[in-house]
Structures are given as C-alpha cells and as structure tokens.
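Welcome, and thanks for opening the viewer. Let's walk through this model one selection at a time.

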Amino acid sequence: MEIRAAPEIDFERTRMDAPARILPASPSYFTGAPMFTDDLLELESLVNEYGRVPQVDPDKAPRMAWLRLSQYRASSGERVRASKYAQILRLLTRLNRIHPQLRPEAVSDTLLRYQRPGAAKIQQATPGTIDAYGRSKGVGRRKESSARVFLVEGNGEVLINGRSLIDAFPRIHDRESALWPLKVTSRIDKYNVFALANGGGVTGQAESITLGLAKALLVQEPALKPILRRAGCVTRDPRRVERKKPGRLKARKKPTWVKR
C-alpha cells in the first residue's frame, strides 16, 4: 500500500527569516479518506476532459469487471462506504462507454487500475446454444426464487411447473411480468415456453421467469438485445427484503410509543 504523506522540507531553499510551511502532496490530504477522494477527483477530471468523445451504446461497450468493494478497501486501506464507492463505479461506467478506437491512453490506463484481477475469464460470457430439439435455455433469479426457462418455436403455449399460466399465476400482473420479454418483442405467438420455478413467492417466481425467458430469447434471436435492454429484461433486479432489526417490529417499523 502506498502511503501518501507531506514532502520533506528543504531547509536550504527556505529563507531563514521566513517560517517553514509544509505543503501536502495531495489537496485531500487532511480529509477522512484521502485516497478515495483523490481517485474520485481523478475520474471526474477525466469525465470532464473527455466527456465529448464519441460513445457507444451501453450494450456494445466492452465488458468490464470492476474491483469489488472489499478489494478496493484493501488496496486503499480506507473504510469506504458502499454509497461512496458507487460514485466511482458510475464514473468508470461512463468512461468505459467511450469508443474503444477513440479512447485516450490516460482513460485506458485508469480503467485498467480498477479492473478486477482475473477479469479476462469473467468477461467471456458463456454463449447459449440451441439443442437438437430446437430449445434454448435461460436461467433467472429474483429474491429467493429461481427459474429455468426453455423456449422453442411453436404457437404460444405456456406451461409453468406443468400448469397453465392462469393456474400458476392468478394475478394478471404476474402473468404479464412473466411473459414481458415476448410481449415487448411481439413474439407471443411464435414460441412455446416451458418453465420450472421454485423458491420464494409467486411474484418472485414470475420475475425470475422474466429474466430466464429473456436469456433464452436472446439465444434464439440475439438481435433483440437492445429492445430487451430498454424494456429492463436483461439485467437482474438485485433488490431484496431488508432484514429485521432488533428492537423493531420489522426492518424500520418501530413499536407504537405511548406516553402514559
């Protein structure tokens, strides 16, 4: 770990009648997290300097695996909060969208410093395949639910755990959520869907089928990725139920306070 400290005083160049003044090596030397602040200021300056360079679409940007929060804390030696580190990740994502052929060398070197070790294997996405029966498979997860979805060309038949869509999801919202990738791409009557969902509740299973169905559809038709990304079907929703806290009724709800 590199330790940043104030430079040594050169007493030979300092006039005897003038008091010596120590100049910190960094403008954020006296802050609580100087290394994080320096990194944040460096990324912001790069964004301001090269923000007008042509960019590519988010789905066409190079796949990058950034340092995890624990890895960044270990390299910097500072207890950086997750919300603070999210600011660095947003700036890195913004710089990563610069066109690779027009990307300045300073930006490329900075992005490599935040690249996760062993990211070469992480960046290689496992390509999906279509089996001998014409089926493509996609796996989706949401909260405590997981789903395996098989997609094959057909007439629009849908089976969830061997049951029809109406029996599996009585709520209309869950039915539309499960078949949302086919609806936004106008492929309702083109494919048959067979899904195996388990764990969690009904809504969690429906949303896990959404992600699995989108992945299976991309194996059949990769050109639909921009439409599915704009519809929010490609990225997994990481939100989970906040844990209950001691002394409270739920995560945030407190007991009723009565004065007397």
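A residue is called buried under 20% relative accessible area, exposed over 50% and partly exposed in between, using a 1.4 Å probe on protein chains only. Before you click, note that this is a predicted model, where local features need pLDDT of at least 70, side-chain atom pairs count only at pLDDT 80 or more, and totals for chains, interfaces and linings use all residues. Residues are numbered from 1 along each chain as its sequence is written, and side-chain values use heavy atoms, with hydrogens and water left out.

**Stop one: helix 1**

Select F36, which sits in helix 1. Helices here are DSSP runs of H or I with at least four residues, strands are runs of E with at least two, and both are numbered from the N terminus. F36 counts as buried because its relative accessibility is 7%. Now show its surroundings, taking contact to mean heavy atoms within 4.5 Å. Leaving aside neighbours within four places in sequence, F36 touches Y72, E78, V80, K84, Y85 and I88.

Is L46 buried or exposed? Its relative accessibility of 8% is why L46 counts as buried. Beyond neighbours within four places in sequence, its contacts are G51, L95, A106 and T110.

Now turn to the second largest pocket, with a volume of about 290 Å³. Select S177, E207, T210, G232 and D237, the closest to its centre of the 15 lining residues. Strand 1 (136-142), helix 7 (172-178) and helix 9 (202-220) each give at least two residues to this lining.

A pocket is an open set of points on a 1 Å grid over the protein atoms alone, where a 1.4 Å probe fits, with protein on both sides within 12 Å along at least five of seven lines; lining residues have an atom within 4 Å of a point. Points are joined across faces, edges and corners, and the volume is the space filled by probe spheres set on them.

**Stop three: two loops**

Most residues other than glycine have a negative phi. Select K143, in the loop between strand 1 and strand 2 (145-153): this non-glycine has a positive phi of about 55°. K143 counts as partly exposed because its relative accessibility is 39%.

Finish at S186, between helix 8 (180-184) and strand 5 (191-198). S186 is not a glycine either, yet has a positive phi of about 60°, and at 62% relative accessibility it counts as exposed.
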